[in-house]
Amino acid sequence: MKFSHSLPFRNLKGKPVRTAILILLTALLSLTVFSGTLMITSLKTGLHSLESRLGADIMVVPYEATTKSSLENIVLQGATGYFYMNADKYQKILEREGIGQVSAQFFLASASSGCCSTAVQIIGFDPDTDFTITPWIKKSYGNTLQKYDVVVGNNLNLFVGDTVTFYGKECHVTAKLDKTGTSFDTAVFTNQDTIKALIQSSLDLNMNTFQNIDPEQVVSCVMINVAEGYTVEDVVNDINIHVKKVKAVRTKEMISGISDSLAGVSDVIGILIAVVWGLGIVILLLAFAMSINERKKEFAVLRVMGASRNRLAGIVMQEALLTCLFGSIVGIAVGLLVILPFNQLIEEQLNLPFLLPETGKIIGYVISAVIVSVISGSLTAGVSAFRISRIDTALILRGEN
Amino acid sequence: MKKITCILDAILCLLSALLCLGTKFLFHACAPKEDGSWMACHWAEQTVFGLGITLLILSILTFVFKDGKTKSGVQISMTVISALTLCIPNHLIKLCMMPDMRCHSVMKPSVMIISILLAVFAVISGICHRKEESAL
């Protein structure tokens, strides 16, 4: 028998409003569970990505940078800005005990005026010593960066082969990085020769807020990995005590604020999922019960015509299965249509690292959400199916029940 | 069947109107620069608006035409135009450089979703009109 001629399908088709309401309810359930799970996972993936991108135990910055709150804005929030300290601080840090890997970085923000193609954060690194950016860039670009070569973050609308102008200097885009869900997606990376030339150019054009600096004699921050046998705490304290006018910060401390916000958002989403899910189940239970109640005579007639109790329960369960399956697909489709294209907007509104999981994982969530919605929908219908299989045909047909 | 095709045609009409009005008032591209000049995304917005008007006229025509084959022909053209609209932001006409700008975070996904819905509903409606025609 063709599926479209089966009794459950014809029952659903015969009552389009009732079917539409049931589909809408299950769609809401699956939308909540799928979207909520995807949001929480994306936030956690974003935080994990941020942790791995920072890639160092300690970050040493000029003391003024920490007092103006520009540090977190630049490093974590993606704001454009820069700060500098004398390169002799870098030498002094090198002399301290407990320093394992160490590398200097240079920051520069391009302007959005005529000198530059766009306003972006430019991060320079020393390829000989760097251990935080190079491993990550190597995934997208295997060669060594030449002067005026830049690697661009994934979200920038620039592609390999493009030319971008910063302070009158034309730079060549040699690679585009994978998406990280962090502020690095909108940054430009280059080697120290290029960034020093760009800093000099910004000074020549009188567009740098630091007027009296020599690009060859400054660094923006120093990234440190602690040597074996030393604790991060010890090295941070040692630098803060012995190296003047700098501040050593534990990178884990820097992202603790983000972790707290993320935990808060995750909790709210979790509670919302639980509340909507609970309400949805109760409403679905009532909807199936009311629907079966008003169809008692229909089932009694089927019983008189020879349908077994199991057959009646089977019809109810098949109808529930069909509506739940279709509803969950609709709900998940809506969730995908909102979260995937608008992920950038969501990231901006939440102001937290937000990185969608890989396609395989998203497919896994889709399948799980369908299974969970279908099982819960079918279980709620199971109560009504059990009741309808126990009906007293004679009483119902006489209109006494 | 006639009821369903009527609902589908009405949905197409509403989606086309949403594309036209939304591109101008709800999910428009970035504002002009301080000197009054427009960025590239403005031209993407204008093109989407023009295609939206074309889609709206075509969707209204499905109510005017009586012949099912003509209606499904109109809906095939609507599918093609919707696919073209989908390609406008950032593919055929480049948007701004920064992803956090309005054209990237609001206009592009909104146009994308409406265009996909338009294409899907146009295909379904076209098939329904063909079925309706062959049933007569």
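This is a predicted model: local features need pLDDT of at least 70, side-chain atom pairs count only at pLDDT 80 or more; totals for chains, interfaces and linings use all residues.
Me: How are the planes of A:Phe83 and A:Phe107 arranged towards each other?
Reply: The structure holds 1 aromatic pair over all chains. The ring centres of A:Phe83 and A:Phe107 lie 5.4 Å apart, and their planes stand at 75 degrees. Since planes over 60 degrees apart count in that class, the arrangement of A:Phe83 and A:Phe107 is edge-to-face.

Me: How many residues apart in sequence are the parts that the pair of A:Phe83 and A:Phe107 ties together?
Reply: A:Phe83, which is buried at a relative accessible area of 5%, lies in the loop between helix H4 (70-75) and strand E2 (85-86) of chain A. A:Phe107, which also counts as buried, at 3% relative accessibility, belongs to strand E3 (residues 99-109) of chain A. The pair therefore ties together parts whose separation in sequence is 24 residues.

Me: How many residues apart in sequence are the parts tied together by A:Arg96 and A:Asp238?
Reply: The side chains of A:Arg96 and A:Asp238 meet in a salt bridge at 2.9 Å, N to O, and this is one of 6 salt bridges over all chains. A:Arg96 is partly exposed, with a relative accessible area of 25%, whereas A:Asp238 is buried at 17%. A:Arg96 lies in the loop between helix H5 (87-95) and E3 of chain A, and A:Asp238 lies in helix H8 of chain A, so the distance in sequence between the parts is 142 residues.

Me: Is A:Lys245, which has a positive phi, buried or exposed?
Reply: Most residues other than glycine have a negative phi. A:Lys245 has a positive phi of about 60 degrees although it is not a glycine, and its place is the loop between helix H8 (232-242) and strand E11 (246-250) of chain A. A:Tyr167, with phi near 50 degrees, lies in the loop between strand E6 (163-166) and strand E7 (169-176) of chain A and is buried at a relative accessible area of 3%. For A:Lys245 the relative accessible area is 66%, so this residue is exposed.

Me: In which helix is A:Ser373 found?
Reply: A:Ser373 is buried, with a relative accessible area of 1%. Leaving aside residues up to four places away in sequence, A:Ser373 touches A:Ser30, A:Trp277, A:Cys324 and A:Ser328. The element of chain A that holds A:Ser373 covers residues 359-388 and is helix H14.

Me: Over the ring of which residue does the charged end of B:Lys24 sit?
Reply: In chain A, A:Lys176 lies over the face of A:Phe159, at 4.5 Å from the ring centre. In chain B, the charged end of B:Lys24 is 5.3 Å from the centre of a ring, and that ring belongs to B:Phe49.

Me: How many helices does chain B have?
Reply: Buried residues make up 46% of the 136 residues in chain B, and the C-alpha trace of this chain spans about 60 × 20 × 20 Å along its principal axes. From the N terminus on, the elements of chain B run α-α-α-α, with 0 strands, and the number of helices is 4.

Me: Which three residues supply 42% of the area that chain B buries against chain A?
Reply: The contact takes 16 residues from chain B and 17 residues from chain A, and the two chains bury about 1,300 Å² between them, 71% of it on carbon and sulfur atoms. Across this interface there are 0 salt bridges and 3 residue pairs in polar contact. The three residues that supply more of the area buried by chain B than any other three are B:Met97, B:Met98 and B:Pro99.

Methods:
Residues are numbered from 1 along each chain as its sequence is written. Chains are lettered from A and ligands numbered from 1 in the order in which they are written. Side-chain values use heavy atoms; hydrogens and water are left out. Rings of Phe, Tyr and Trp (its six-membered ring) pair if their centres lie within 6.5 Å; planes under 30 degrees apart count as stacked, over 60 as edge-to-face and the rest as tilted. Helices (H or I, at least four residues) and strands (E, at least two) are DSSP runs, numbered from the N terminus. Buried means under 20% relative accessible area, exposed over 50%, partly exposed in between (1.4 Å probe, protein chains only). A charge sits over a ring if NZ of Lys or CZ of Arg is within 6 Å of the ring centre and within 35 degrees of the ring normal. Contact means heavy atoms within 4.5 Å. Buried area is the accessible area (1.4 Å probe) that two parts lose on being put together, summed over both. A salt bridge is a side-chain nitrogen of Lys or Arg within 4 Å of a carboxyl oxygen of Asp or Glu. A polar contact is a pair of N or O atoms within 3.5 Å; within protein, one must be able to donate a hydrogen and the other to accept it, and residues adjacent in sequence count only if both atoms are side-chain atoms.
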